[in-house]
Amino acid sequence: MTQADGFDPDSVPFERGHYIGGKVVDDAGEHLTVARPSDLIPYADLPQGTADTVDRAVASARHALDSSGWGRQAPRERARAMRRWADLIEKHQEELGKLEALGSTRPISQAVGGDVASVAEGIRFFSEWADKLGGDVAATRSNDLGMILSEPYGVVGAITPWNFPLSMASWKAGPALAAGNAIVLKPSELTPFSTVRLAQLAVEAGIPAGIFNVVHGSGPVTGEAISRHPGIAKVSFTGSTRTGVAVMKAAAESGVKPVTLELGGKSPQLVFADADLERAADCIAGSMLANAGQACVAGSRLIVERSAEEPLVRLLRQKLAGAAAGHTWKASTNYAPIISETQARRIDRILRDSLAQGAECIIGGQRIDGYGGAYYQPTLLTNVDAATAAVREEIFGPVLTIQAFDTEEEGLALADHPEYGLAAGVYTRDLGRAMRAMRAIQAGTVWINRYSRTLDFILPTGGYKSSGIGKDLGRQAVEQNLRHKTVLLNIGADMPAR
């Protein structure tokens with residue numbers, strides 16, 4: 001197989017154990033089977049991390065903090081180590097991309113030039129905050145000196161999803177390490193191995209062994225142990241709303257600790273008749289096709305002004321026809337498999353429930369056969385309302401519902417979802433209308449005449465309502481890995497005031 005063709009999935013080496021204290025370690029107990037999404041062929045066994053495994057990882061992280069002084073050293077030293085880490089990520093870009101494409105839904109053409117490159121840039125961005133958030137001096141009376149000090153929590157926990165494994169790991173580890181913390185991170189048991197290599201490169205870059213630990217396992221066992229561990233001072237989780245509730249509950253029951261939760265979404269794409277429909281169609285189709293709709297921010301609800309519905313749907317038909325499904329290790333693939341047979345059945349179940357409720361499928365609605373994996377056609381549903389399953393539930397697949405409106409007020413009302421508020425798109429040439437919609441829509445991110453992030457890592461991401469608490473990315477992500485201490489000094493000759 002040539003480079004132009006992609007790569008041979010059976011030729012990619014990877015470590016199968018946990019990564020604790022700078023070493024790959026295994027557990028003698030239960031192991032989980034890991035399958036490739038592209039063809040559903042099992043290719044590795046994964047150790048099931050237990051509460052004891054998490055104990056070892058936390059102890060390793062604590063020891064690394066105490067012995068290395070990572071959180072106390074000169075912030076610029078931390079920043080230099082993280083920049084070296086980013087350089088190594090770029091140096092190993094092809095290796096990391098193959099690991100990502102092998103075990104996840106990310107096609108190799110997108111993993112190398114997109115995901116891995118973005119991870120390196122993100123680590124550089126977070127490194128530059130190492131010496132920017134030390135605290136403040138407060139305005140007090142002249143005989144006092146008031147200070148607010150920013151300090152790392154110590155050991156933080158993170159649980160990442162399967163849809164963008166490397167990117168999500170960097171979103172958690174980057175700000176945590178820049179703030180001076182150590183981290184114990186559980187990647188998804190469906191996509192575990194690229195995260196271990198990311199942690200190994202951190203140690204190779206000079207970040208002390210034990211500062212970045214990876215513990216494998218399932219959510220109910222390993223994720224629960226991380227959320228409950230008394231030695232973990234803060235937990236960050238990205239995934240479903242249902243699991244986020246479980247993480248929050250476990251963290252509270254084991255001693256109050258802060259949590260950052262980026263959770264589910266059912267994001268609207270609101271298109272007015274005056275919009276550039278060609279551009280809107282590009283954005284909407286891109287959101288559906290990207291990772292086959294397997295993204296928290298996927299714009300899965302099209303809400304379009306009635307006079308623009310027919311031409312916009314016609315454009316979408318054309319653009320969705322360009323989806324090239326295939327194995328993620330093939331260079332020609334631009335349309336991802338569904339992560340598992342279980343998830344593909346869930347997508348199909350929601351679609352069938354919606355059809356039974358009166359929805360009409362005008363494009364797609366079927367599995368794609370011939371590759372061995374769980375692939376699903378890009379699907380458009382019309383004749384839906386707020387009670388339709390595909391409108392209510394987060395599908396996490398390439399299914400777009402279409403609802404039409406006649407007035408701006410009606411469109412904004414349809415855009416609001418009773419449960420979710422992660423992201424939204426607005427398409428219009430009218431600046432005033434765009435600003436009104438931006439203010440009215442309850443979502444943590446609103447894109448106007450676009451539907452995607454950029455490499456501007458300064459822009460945070462996070463949700464309203466049941467879509468989450470706190471932010472990833474931006475200054476806010478680093479701040480949420482710091483706690484604040486108030487210090488008041490009496491520097492005058494008189495006694496301190498009460």
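Start by selecting helix α13, residues 408–415. This helix lies across β12, β13 and β18, running at about 150 degrees to β18. Helices (H or I, at least four residues) and strands (E, at least two) are DSSP runs, numbered from the N terminus. Angles run from 0 to 180 degrees between N-to-C directions, with axes as lines fitted to C-alpha atoms, for helices over the stretch in contact (heavy atoms within 4.5 Å).

The model is predicted: local features need pLDDT of at least 70, side-chain atom pairs count only at pLDDT 80 or more, and totals for chains, interfaces and linings use all residues. Residues are numbered from 1 along each chain as its sequence is written, and side-chain values use heavy atoms, leaving out hydrogens and water.

Next, pick helix α9, residues 277–289. Helix α9 lies across β12 (268–271), β13 (301–305), β17, β18 (399–405) and β20 (423–427). Its direction is at about 170 degrees to β12.

Now show the sheet. Seven strands form an open sheet in the order β14-β17-β18-β13-β12-β20-β21, with mixed pairing. β14 (360–363) and β21 (445–448) are the edge strands; each has a single partner, so one side of each lacks a neighbour in the sheet. On average, neighbouring strands here are turned by 25 degrees against each other, direction ignored. Two strands pair if DSSP finds at least two bridges between them.

Zoom in on β12. Pro 268 and Leu 270 point one way, Gln 269 and Val 271 the other, and all are buried (under 20% relative accessible area; exposed is over 50%, partly exposed in between; 1.4 Å probe, protein chains only). β12 and β13 run parallel, joined by four bridges.

β14 and β17 (residues 379–382) run antiparallel, with three bridges between them. Cys 361 has Leu 381 in β17 as its bridge partner.

Step on to Asn 383, in the loop between β17 and α12 (389–392). Its phi is near 55 degrees, a positive value in a residue other than glycine. Asn 383 counts as exposed because its relative accessibility is 57%.

Then select Asn 449, in the loop between β21 and β22 (464–465). Phi of Asn 449 is also positive, near 55 degrees. At 25% relative accessibility, Asn 449 counts as partly exposed.

Finish at Leu 145, in strand β6 (residues 144–152). Leu 145 counts as partly exposed, at 31% relative accessibility.
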